[in-house]
Amino acid sequence: MNNKCSLVRRIVAVAAAGAAAAVLAACGGGGDSATGHDGHPSKSPSASASASTAQGQHNAADVAFAKGMIPHHRQAVEMADLAPSRAQSAEVKKLAEDIKKAQDPEIETMSGWLTSWGEEVPAEGAMDHSMHGAEGMMSVEEMEKLEKSSGKAFDTAFMELMIKHHEGAVAMAKTEQKDGAYQPAKDMADAIITSQTAEIRQM
């Protein structure tokens with residue numbers, strides 16, 4: 001019994017010491033930064049701003065970008081999925097494949113950001129209800145029309161709709177470049193503008 005008690009006491013003591021160390025470290029860190037701020041009042045805003053950027057701080061524009069671009073990309077992938085069985089042109093099939101290859105990983109990345117920020121990832125199918133007409137999104141009617149077409153008619157409809165879709169994505173990416181704070185999101189916005197502007201020209 002005594003052995004068990006002393007073991008329990010030891011565990012409690014170790015845990016308490018760990019907690020105390022953590023509290024002291026937190027207090028110490030706070031004290032240092034307070035001194036730093038008092039010592040250099042003029043430099044602290046820019047210093048803390050650059051530090052927060054380095055740590056990957058995000059703002060509302062970054063959240064809006066990811067939440068808007070995920071359903072947008074999902075729809076582009078959905079459109080691209082129709083091409084292998086419906087497109088006549090090998091170029092349209094290749095373009096669809098490229099779109100899917102680029103946008104699937106971006107959906108994963110943006111979903112990861114939202115999760116790490118404690119935000120909800122848009123549900124599959126959310127685009128049907130919430131994003132009609134938003135930044136080049138296809139309506140349900142346009143998607144159905146595309147699904148029902150094939151051959152040359154599909155190729156033409158696919159390119160017309162995808163140009164409009166890409167223009168919407170480029171507009172959203174430009175907003176992120178202007179208003180966003182999270183560097184990886186701004187980098188992705190850059191990549192979207194470059195690749196999708198090139199694809200618009202190609203189409």
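Me: Of the contacts in the protein chain with a separation of 6 or more, what share comes from residues 24 or more positions apart?
Reply: This is a predicted model, in which local features need pLDDT of at least 70 and side-chain atom pairs pLDDT 80 or more, while totals for chains, interfaces and linings use all residues. Residues are numbered from 1 along each chain as its sequence is written, and side-chain values use heavy atoms, leaving out hydrogens and water. With contact meaning heavy atoms within 4.5 Å, the share from residues 24 or more positions apart is 78%.

Me: Is Gln196 buried or exposed?
Reply: Gln196 sits in helix H8 (residues 183-202), helices being DSSP runs of H or I with at least four residues. Beyond residues up to four places away in sequence, Gln196 touches His73, Gln103, His166, Ala169 and Val170. Buried means under 20% relative accessible area and exposed over 50%, with partly exposed in between (1.4 Å probe, protein chains only); at a relative accessible area of 4%, Gln196 is buried.

Me: Which parts does the pair of Trp117 and Tyr182 tie together?
Reply: Rings of Phe, Tyr and Trp (its six-membered ring) pair if their centres lie within 6.5 Å, with planes under 30 degrees apart counting as stacked, over 60 as edge-to-face and the rest as tilted. The ring centres of Trp117 and Tyr182 are 5.1 Å apart and their planes stand at 85°, so this pair is edge-to-face. The pair ties together parts 65 residues apart in sequence, because Trp117 lies in the loop between helix H4 (90-116) and helix H5 (126-130), and Tyr182 in the loop between helix H7 (151-179) and H8.

How values were computed
Helices (H or I, at least four residues) and strands (E, at least two) are DSSP runs, numbered from the N terminus.
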